[in-house]
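Here are my notes on the model, as promised. Have it open while you read.

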Amino acid sequence: ENPGAYLGAELGAHYQMGRDKLTFVTSPKLAGFQLWAEQLLAESTGKDSQGILPIVSEPATAAEFYGADRVFIYLRMNDDTNVAADDHVNRLKEAGFYMIERSLNDIYDLGFEFYVWKFATAVVGAVLGVNPFNQPNVQQSKDATRQVLEAYIDSGTLPEIKGISFEDLLEQTPHGGYLAIMAYLHQTQMIDDAVGVLRRSILERRRITTTFGYGPRFLHSTGQLHKGGKPNGVFLQLISEASGVTPIPGQAYDFEVLVAAQALGDMEALASRKRPTSKVILGVDAADQIKKLVRLV
C-alpha cells in the first residue's frame, strides 16, 4: 500500500534479475524531473560495485536496439501533450519490455512524486545492500582536483593526462556496459542536439547504452556511480578550448583552470578505479566537432 516502498522493491527486484538500467520516458512537462531522479538514484545506489544506472534524456529509437538489461519507467502527466511518448511506450510494451507506469494528474502532483522516489531509493539501497546516504567516491574526485590545482599553483601549468582514443573506448565497452559522455562545455541547444545524434548512433550501431552529463555538475550526481558502481562503464570527456579568463578573487587560478582541473581530477579518479577513459578536445564549433565523432562510431 506504500507506493514508495512498492517502487523501491520493484526496482530492486529488477536489478536482481539483471535489469540494472532504468530508462526514463516522460511527458514533455516532466523532462526536467529526469535529472533530479538521475542524481538521486546514481549517487545513492552507485557504490560498493553496485548501482542502478539511470538513463535520462535518451533519444527514442526502435525497440530492437534496446537490451534485456533495461527496465523502462513512464512518468506521464495527464494534462500534457503525450502523443509521441505514448507511441514510444506502446511500441516498447509490444516488444516485451517491462514498463513501470506512473501517472500525474497535473504539475501539483510533483511534490508527492518527489517523496515517493526518495522513499523508493532508500528501499533500493536496502535491497542492494548499500548505504544510500553516503557518497564516498565524490570526495575522491575532489581530492584529486585539489592535488591538480596545487600542482598548477607550483608550476603554472596543468598536468597532461591522456586517455585512449574514442574508437578504442568503443571497442573496450563491455557487453552489458555503458558509455558515459561527460561534457565540460557551456550548455546550448546545439550541443544538446549534437550529443543526441551521437548517443543514438552509438546505441543503434554498437548497441551500447549511453549516459550524458555536463561537467562539473555531474560529479555530484552520476560521478559517484561512475567510480563506485558496477565496473562496466567507459568514459568520454568532451573538453572545450579555453574561451577566456574569468578570475576567481583570492585564488591563483581562474574559473577556466578550475574546470580543467576538475576534469583532470575526475579522469585520475576514474583511472585509479581501472575505468577506461578517453578525452576529446573540441574546437570553437563544439557542436560540429561532436557531430564528426558520429563518423567514428
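1. Buried side of H4. Leu110, Glu113, Val116, Trp117, Ala120, Thr121, Val124, Gly125 and Leu128 are the buried residues of H4, where buried means under 20% relative accessible area, exposed over 50% and partly exposed in between, with a 1.4 Å probe and protein chains only. Helices (H or I, at least four residues) and strands (E, at least two) are DSSP runs, numbered from the N terminus. Those buried residues pack against helix H1 (3–16), S1, H2, strand S3 (70–77) and strand S4 (99–104).

2. Ground rules. This is a predicted model, in which local features need pLDDT of at least 70, side-chain atom pairs count only at pLDDT 80 or more, and totals for chains, interfaces and linings use all residues. Residues are numbered from 1 along each chain as its sequence is written, and side-chain values use heavy atoms, with hydrogens and water left out.

3. Length and end of H4. The 19 residues of H4 should span 27 Å at 1.5 Å a residue, and the end C-alpha atoms are 26 Å apart, which agrees. The expected span here is 1.5 Å times one less than the number of residues. Just past the helix, Gly129 has a positive phi of about 80°.

4. Aromatic pairs. The whole structure holds 12 aromatic pairs. For the rings of Phe33 and Trp36, the centres are 5.4 Å apart and the planes sit at 45°, so this pair is tilted. The rule is that rings of Phe, Tyr and Trp (its six-membered ring) pair if their centres lie within 6.5 Å; planes under 30 degrees apart count as stacked, over 60 as edge-to-face and the rest as tilted. Phe33 and Trp36 are three residues apart in helix H2 (residues 33–45), so about one helical turn separates them. Phe33 is buried at 6% relative accessibility, while Trp36 is partly exposed at 28%.

5. From H2 to H4. What does Trp36 pair with in edge-to-face fashion? The partner is Phe114: the ring centres are 4.6 Å apart and the planes are at 70°. This pair links distant parts of the chain, with Trp36 in helix H2 and Phe114 in helix H4 (residues 110–128), 78 residues apart. Phe114 is partly exposed, at 30% relative accessibility.

6. The cluster and Phe24. One aromatic cluster takes in Phe24, Phe33, Trp36, Phe114 and Trp117. Phe24 comes from strand S1 (residues 21–26) and is buried, its relative accessible area being 5%. Leaving aside neighbours within four places in sequence, Phe24 has contacts (heavy atoms within 4.5 Å) that include Ala37, Leu41, Ile55, Val56, Leu75 and Trp117.

7. Strand S6. Are the residues of strand S6 (residues 209–214) buried or exposed? Six of its six residues are buried. Thr209, Thr211 and Gly213 point one way, Thr210, Phe212 and Tyr214 the other. S6 pairs with strand S5 (residues 178–184) in the parallel sense over six bridges; pairing requires at least two DSSP bridges between the strands. Within this, Phe212 in S6 is the bridge partner of Ile181.

8. The crossover. S5, helix H7 (residues 189–206) and S6 form a right-handed β-α-β unit. Right-handed means that, with the strands pointing away from the viewer, the path from the first strand over the helix to the second runs clockwise.

9. Helix H9. The 18 residues of H9 (residues 255–272) reach 26 Å from first C-alpha to last, close to the 26 Å expected at 1.5 Å a residue. Its buried residues include Val257, Leu258, Leu264, Asp266 and Met267. Their cover includes helix H5 (136–155), S5, helix H8 (222–228), strand S7 (233–240) and strand S8 (277–282). At the start of H9, a side-chain oxygen of Asp254 comes to within 3.0 Å of the backbone nitrogen of Glu256.

10. Backbone spots to check by eye. Most residues other than glycine have a negative phi, and most peptide bonds are trans. Lys274, in the loop between H9 and S8, has a positive phi of about 65° although it is not a glycine, and is exposed with a relative accessible area of 73%. Ser49 also has a positive phi, about 60°, and is not a glycine; its place is the loop between H2 and strand S2 (53–55), and it is partly exposed at 41% relative accessibility. The peptide bond from Gly215 to Pro216 is cis, with omega near 5°, and Pro216 sits in the loop between S6 and H8.

Note on methods:
A polar contact is a pair of N or O atoms within 3.5 Å; within protein, one must be able to donate a hydrogen and the other to accept it, and residues adjacent in sequence count only if both atoms are side-chain atoms.
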